Amino acid sequence: MAKLTKKQKSLAEKLDNEKLYGVDEAIKTLRDLKSAKFDETVEIAMNLGVDPRHADQMVRGMVSLPSGTGKDVKVAVFARGDNAEKALAAGADKVGAEDLMEDMQNGNLDYDRVIATPDMMGVVGRLGKVLGPKGLMPNPKLGTVTPNVEQAIKDAKGGQVEFRVEKLGIIHSGIGKLSFSDDALKANFDAFVDAIVKAKPSGAKGKYVKKVTVTSSMGPGLKIDLAEVEGA
């Protein structure tokens with residue numbers, strides 16, 4: 001068994017692994033235990049009672065975090081003409097058509113969100129094997145295939161995050177930074193959890209939200225009391 005560092009030992013002594021935390025208390029605890037010199041990301045993980053191998057149990061969507069993410073989101077947009085100009089004016093990091101497709105095929109995929117106008121899907125469709133595995137493929141259901149590129153870019157850079165359940169029934173996402181105020185982190189937590197609860201699929205049977213944990217980049221995982229999670 002690996003020997004614990006002094007810092008890890010100190011953290012372990014302060015925590016009860018079986019304790020259930022209120023959201024406010026969990027946020028305060030993460031802040032009190034902060035050890036990294038950088039601004040750590042606060043993350044949430046939710047274990048759901050679903051089997052995403054079945055189409056009627058897939059949980060996927062978008063949610064806008066009211067306090068933002070604290071992250072600089074890089075956005076690529078497939079568009080031509082006026083829409084391309086609008087995308088650049090709205091702050092897109094890269095805008096193009098066939099040239100952008102070729103760039104991505106060559107491995108340049110350093111983006112957090114890829115958006116496309118409907119007329120560009122013939123081009124974007126050729127990138128399915130490239131963008132699909134990275135979760136970047138534009139999708140009309142997620143609002144990333146849209147004629148309104150300006151709003152889509154604004155949403156992406158303003159705190160909108162995508163969620164998608166993994167094969168073991170877990171959803172996780174960043175919900176802000178430790179430098180955020182307690183109220184800001186709590187607002188983001190509530191918005192994220194509310195979106196997951198509302199996205200409960202028709203095929204979900206039994207208990208839907210089984211476990212919720214919050215952590216920071218270098219911090220411990222703290223179990224949240226489900227009594228504080230409406231709809232759980």
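**Exercise 1. The enclosed space**

Which helices each supply at least two residues of the lining of the largest cavity?

Solution. The structure is a predicted model, in which local features need pLDDT of at least 70 and side-chain atom pairs count only at pLDDT 80 or more, while totals for chains, interfaces and linings use all residues. Residues are numbered from 1 along each chain as its sequence is written, and side-chain values use heavy atoms, with hydrogens and water left out.

Step 1 is the method. Rolling a probe the size of a water molecule over the atoms shows where empty space is left. On a 1 Å grid over the protein atoms alone, a cavity is a set of points where a 1.4 Å probe fits but cannot get out, a pocket is an open set with protein on both sides within 12 Å along at least five of seven lines, and lining residues have an atom within 4 Å of a point. Grid points are joined across faces, edges and corners, and a volume is the space filled by probe spheres set on the points.

Step 2 is the count and the volume. There is 1 cavity of 30 Å³ or more, and the largest cavity holds about 40 Å³ of space.

Step 3 is the lining, made up of Val23, Ala26, Ile27, Leu30, Val42, Ile175, Leu185, Phe189 and Val214. The helices asked for are α2 (23–32) and α8 (182–198), where helices are DSSP runs of H or I with at least four residues, strands are runs of E with at least two, and both are numbered from the N terminus. The largest share, 4 residues, comes from α2.

The lining divides into 9 nonpolar, no polar and no charged residues; here Ala, Val, Leu, Ile, Met, Phe, Trp, Tyr, Cys and Pro count as nonpolar, Asp, Glu, Lys and Arg as charged, and the others, Gly among them, as polar.

**Exercise 2. The open space**

Describe the largest pocket by volume, by lining and by the strands that contribute to it.

Solution. Begin with the volume, which is about 820 Å³. The lining consists of 34 residues, of which Lys71, Val161, Glu162, His172 and Ser173 lie nearest the centre of the pocket. Next, assign the lining to elements: β2, β3 (60–64), β6 (113–116), β7 (160–164) and β8 each supply at least two residues, and the largest share, 7 residues, comes from β8. Finally, sort the lining by class, which gives 15 nonpolar, 9 polar and 10 charged residues.

**Exercise 3. An open sheet and its edges**

Which strands stand at the edges of the open sheet of 5 strands, and why is one side of each left without a neighbour?

Solution. First write down the order, β1-β10-β9-β2-β8, with mixed pairing. The edge strands are β1 (20–21) and β8 (170–177), and each has a single partner strand, so one side of each is left without a neighbour in the sheet. Two strands pair if DSSP finds at least two bridges between them. Within this sheet, β2 (residues 41–48) and β9 pair in the antiparallel sense over 7 bridges, and Asn47 stands opposite Lys211 in β9.

**Exercise 4. Strands covered on both faces**

Work out how β4 is placed among its partners, and which of its residues are buried.

Solution. Start with the pairing: β4 (residues 75–78) runs parallel to β6, joined by 4 bridges, and also parallel to β5 (residues 94–96), joined by 3 bridges. Then place single residues. Ala76 stands opposite Val114 in β6 and opposite Lys94 in β5, while the bridge partner of Val75 in β6 is Arg113. Lastly, take burial, where buried means under 20% relative accessible area, exposed over 50% and partly exposed in between (1.4 Å probe, protein chains only). In β4, Val75 and Val77 on one side and Ala76 and Phe78 on the other are all buried; in β6, the buried residues are Arg113 and Ile115 on one side and Val114 and Ala116 on the other.

**Exercise 5. A glycine in a loop**

Is Gly203 buried or exposed?

Solution. Locate Gly203 in the loop between α8 and β9 (209–216). Gly203 has a relative accessible area of 8% and is therefore buried. Leaving aside neighbours within four places in sequence, Gly203 is in contact (heavy atoms within 4.5 Å) with Asp56 and Gln57. Gly203 and Asp51 are 152 residues apart in sequence, yet 9.0 Å apart in space, C-alpha to C-alpha.
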